[in-house]
Amino acid sequence: MGKKLLLQNDKIPGIDTYEVYRQHGGYSSVEKAFKMTSDEVVEEVKKSGLRGRGGAGFPTGMKWSFLAKPEGVPRYLVCNADESEPGTFKDRYLMQRHPHLLIEGMIAASYALGANTAYIYIRGEYFYIVNILEKAIEEAYTAGWLGDNIQGSGYSLNMYVHPGAGAYICGEETALLESLEGKRGNPRIKPPFPAVKGLYACPTVVNNVETIAAVVPILNMGGDEYAKIGIGKSTGTKLISASGHIKKPGVYEIELGLPVEEFIYSEEYCGGILNDKKLKAVVPGGSSVPILPAELSLKTPTGEPRLMSYESLSEVALLAVVCWDQAALL
Amino acid sequence: MSEVKFNDETLAVVHNLMRRYPEGRHKSALLPILHLAQAEFGGWLSPATMDYVASILNIKPVEVYEVASFYSMYNLNPVGKCMLEVCRTSSCWLRGADDVIRHIEKRLEIKVGETTADGMFSLKAVECLGSCGTAPMMQVGKDFHENLTLEKVDELLTQFTNEDKHSRYCDANTYRKN
Ligand SMILES: Cc1cc2nc3c(=O)[nH]c(=O)nc-3n(C[C@H](O)[C@H](O)[C@H](O)COP(=O)(O)O)c2cc1C
Ligand code: FES
């Protein structure tokens, strides 16, 4: 069995409720964070080697350390839950089944950044998940993990869900911020970067749902331990959306560095091609990236096994794998 | 045509939503409020509805039109009570989305983009809705109907016809109350 750091409690009934989530160690990363300074939390994330799970793979700790901190200006954390890359449904899975994991990560991240307001920008098509998140946020307020002076720490945070309304481009972080300001989702010219002028022209960090959730195991186990998982500069575990002509479509958590072939054929993951046909092609990351023919998806051009890592595949490929069988292209 | 005005419960939610954003930044609430307006005023945003939303947010009507026309979930023309949104992107297409669309077109005697003569159904083809692992799928209001078969589609259409309800993405209960 591969290591699980996000979905290890996936089979536990009621894990989407606060009670059950807390019984299984939920919110302990926030308790840990409050015993540290915010800079120490950023340092821990740097040590973990965590890279953005939204597509570009930028080191998260570094991104956080770029956040401008002018005196008297609010800072924001915005969670990118737009998930509009075709073939991708991992964030939906995480939010639907583990809403408190996202909320917990958001609190720890906001504390690290010194943000007192955090928004979850979710694609409008996911309205049923807005219900789920609103309920979970309500529970977190009631239990004292959100609001003023959280658990007596002196730190305060408000968290809100904000639905989009159907626009693929709003997954791009500056378009997302425009949209969150109630405008058309037209991307902004960079620089300035959101870290300096983001939401309402204030310093802002935009992170993907899964990136923020990964902060929870990082703080719980420590950045150094997290960095031991995975391969090279692709540390930790990663959620992959698998669909198309495979036996078991779904969301799987893999340890980075897993061979693509094992992912597609092993019983633990996709279980092979539907009706045992021959694999024709893999679309890594849905429809906005080039199709890889079967040979090139399992092996690199030099004949090495292709691994699921930022180095061996294009970044978006780490979001989704769509397999086509022999017949599909005829 | 009756006056465009949110009922009291929705209006309270609207004012709560506006408080989620900092002082002077309440225009941020435009998208969620337009969703509520579309749900409450017949499934589409008429000019009167958009003017009303502008007045609530104290912004120019043109600012609302500009935004409403940018996002695909807002309907700027009347639509059927029940909006069938079928995904036809890669994974759904590999798993038979075209058959689903053809089947609905035949049964309802409309094409993609059209509304049935009785005003009950509209059919829309959409891009990936994040349901690729349970393809093919269609969204109706906020509900995802997944792993569709033609039999399942027939059952759903019969059910929607019998229920005779508006499909909606959200309502006043979607958001927390405080
Ligand atoms: C066209 C386009 C679409 C994007 N869509 C998404 C998306 O749906 N979700 C996401 O998290 N990031 C998306 N991104 C990446 C974001 O701009 C941004 O890099 C990301 O939210 C940063 O988070 P991370 O560092 O945690 O990955 C998109 C980028 C582009 C250019
Ligand atoms: S391809 Fe249809 S839901 Fe993703």
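Among contacts in chain B between residues at least 6 apart in sequence, what percentage join residues at least 24 apart? The figure is 65%, where contact means heavy atoms within 4.5 Å.

Some conventions before I go on. This is a predicted model, in which local features need pLDDT of at least 70, side-chain atom pairs count only at pLDDT 80 or more, and totals for chains, interfaces and linings use all residues. Residues are numbered from 1 along each chain as its sequence is written, chains are lettered from A and ligands numbered from 1 in the order in which they are written, and side-chain values use heavy atoms, with hydrogens and water left out.

Chain B, then. It has seven helices and four strands; these are DSSP runs, H or I of at least four residues for helices and E of at least two for strands, numbered from the N terminus. Along the sequence the order is α-α-α-α-β-α-α-β-β-β-α. The C-alpha atoms fill a box of roughly 50 × 35 × 30 Å along the principal axes.

One residue to look at is B:S28, in the loop between α1 (8-18) and α2 of chain B. B:S28 is buried, at 1% relative accessible area. Its side chain makes a polar contact of 2.7 Å with that of A:Y200; the term covers a pair of N or O atoms within 3.5 Å, and within protein one must be able to donate a hydrogen and the other to accept it, while residues adjacent in sequence count only if both atoms are side-chain atoms. Beyond neighbours within four places in sequence, B:S28 is in contact with residues including A:H162, A:L180, A:E181 and B:Y21.

On a 1 Å grid over the protein atoms alone, a cavity is a set of points where a 1.4 Å probe fits but cannot get out, and lining residues have an atom within 4 Å of a point. The structure holds three cavities of 30 Å³ or more. Of the 17 residues lining the largest cavity, B:Q38, B:G43, B:N75, B:S167 and B:Y169 are the closest to its centre. α2(B) gives the most to that lining, with three residues.

Notes
On a 1 Å grid over the protein atoms alone, a cavity is a set of points where a 1.4 Å probe fits but cannot get out, and a pocket is an open set with protein on both sides within 12 Å along at least five of seven lines; lining residues have an atom within 4 Å of a point. Grid points are joined across faces, edges and corners, and a volume is the space filled by probe spheres set on the points. Buried means under 20% relative accessible area, exposed over 50%, partly exposed in between (1.4 Å probe, protein chains only).
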